[in-house]
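Subject: Handing over a structure

Hello,

Here is the structure I promised to pass on to you. Have a look at it first, and then read on for what turned up in it.

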Amino acid sequence: MSVMHIMLSLRIVVSNRVGMIVNRNLHNPSRVTSSIASPAKTSEDRDAPIEMENPYTQKKEKCILCKYNIEPDYKNVRLISQFQSRYTGRVYAKHITGLCQAQQEKVEREIHKAQHAGMMGYYTKEAEFVNDPMLFDIDNPFRPHKY
């Protein structure tokens, strides 16, 4: 394509005083279209911040009990024994279990209820629950801990 052909196919936008935009096709001068232009933005409008979502927000992760809407109960010894150490009977901290604060407190409360009711041991885990699938990895906690 020659430069002349490109120039002829270009459209020139000419604005007149009344705010109308006139498109003229140089290749076909008889064809003229027009439309009303929007008012010009002031420099204050261009400098104003635009509304948008924060692109740096991370998706909030839910704990495993909140995700599946599981309510811990002292009668469900199989579930709450997952959050207790097999050897010492201590309740794993929330940085290891990955539970939210509210669910961690509920689990601890239900473990103590089950222990006082005699349904769960204080220091050891029931032998039948030892081979249950783990809800979390004890050696790789969800969040690092300072110790």
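**What turned up**

Gln-103 sits in helix α6, where helices (H or I, at least four residues) and strands (E, at least two) are DSSP runs, numbered from the N terminus. With a relative accessibility of 7%, Gln-103 counts as buried; buried means under 20% relative accessible area, exposed over 50%, and partly exposed in between, with a 1.4 Å probe and protein chains only. Setting aside its neighbours within four places in sequence, Gln-103 is in contact (heavy atoms within 4.5 Å) with Cys-63, Leu-65, Cys-66, Ile-70 and Pro-72.

Before I go further, a word on the ground rules. This is a predicted model, so local features need pLDDT of at least 70 and side-chain atom pairs count only at pLDDT 80 or more, while totals for chains, interfaces and linings use all residues. Residues are numbered from 1 along each chain as its sequence is written, and side-chain values use heavy atoms, with hydrogens and water left out.

**The chain as a whole**

The chain has six helices and three strands, arranged along the sequence as α-β-β-β-α-α-α-α-α. Of its 147 residues, 22% are buried. Among contacts with a separation of 6 or more, 53% join residues 24 or more positions apart.

The largest nonpolar core has 15 residues, and Leu-65, Phe-83, Leu-99, Val-107, Ile-111 and Met-120 touch the most other members. Helices α4 and α6 (101-117) each supply at least two residues of this core. A nonpolar core here is a set of buried Ala, Val, Leu, Ile, Met, Phe, Trp, Tyr and Cys residues joined through side-chain atoms within 4.5 Å.

Gln-84 belongs to the loop between α4 (77-80) and α5 (94-97), and it counts as buried because its relative accessibility is 2%. A polar atom of the Gln-84 side chain lies 3.0 Å from the backbone oxygen of Gly-89. Not counting residues up to four places away in sequence, Gln-84 touches several others, among them Arg-90, Tyr-92, Met-120, Tyr-122 and Lys-125.

Met-120, with neighbours within four places in sequence left aside, is in contact with Val-77, Ile-80, Ser-81, Gln-84, Ile-111, Ala-114 and Gln-115. Lys-125 lies in the segment after α6 and, at 14% relative accessibility, counts as buried. The C-alpha atoms of Lys-125 and Gln-82 are 8.9 Å apart, although 43 residues separate them along the chain.

Where is the largest cavity lined? Its lining is made up of Val-77, Ser-81, Gln-84, Met-120, Gly-121, Thr-124, Lys-125, Glu-126 and Phe-129. On a 1 Å grid over the protein atoms alone, a cavity is a set of points where a 1.4 Å probe fits but cannot get out, a pocket is an open set with protein on both sides within 12 Å along at least five of seven lines, and lining residues have an atom within 4 Å of a point. The largest cavity holds about 40 Å³ of space; grid points are joined across faces, edges and corners, and a volume is the space filled by probe spheres set on the points. By class, three lining residues are nonpolar, four polar and two charged. For these classes, Ala, Val, Leu, Ile, Met, Phe, Trp, Tyr, Cys and Pro count as nonpolar, Asp, Glu, Lys and Arg as charged, and the others, Gly among them, as polar.

The largest pocket has a volume of about 270 Å³. Its lining includes Cys-63, Leu-99, Cys-100, Phe-142 and Arg-143, and divides into six nonpolar, two polar and four charged residues.

His-116, in helix α6, is exposed at 64% relative accessibility. Its side chain makes a polar contact with that of Tyr-122 at 3.3 Å. A polar contact is a pair of N or O atoms within 3.5 Å; within protein, one must be able to donate a hydrogen and the other to accept it, and residues adjacent in sequence count only if both atoms are side-chain atoms.

Asn-69, in the loop between α3 (64-67) and α4, has a positive phi near 55° in a residue other than glycine. Asn-69 is exposed, with a relative accessible area of 67%.

Best wishes
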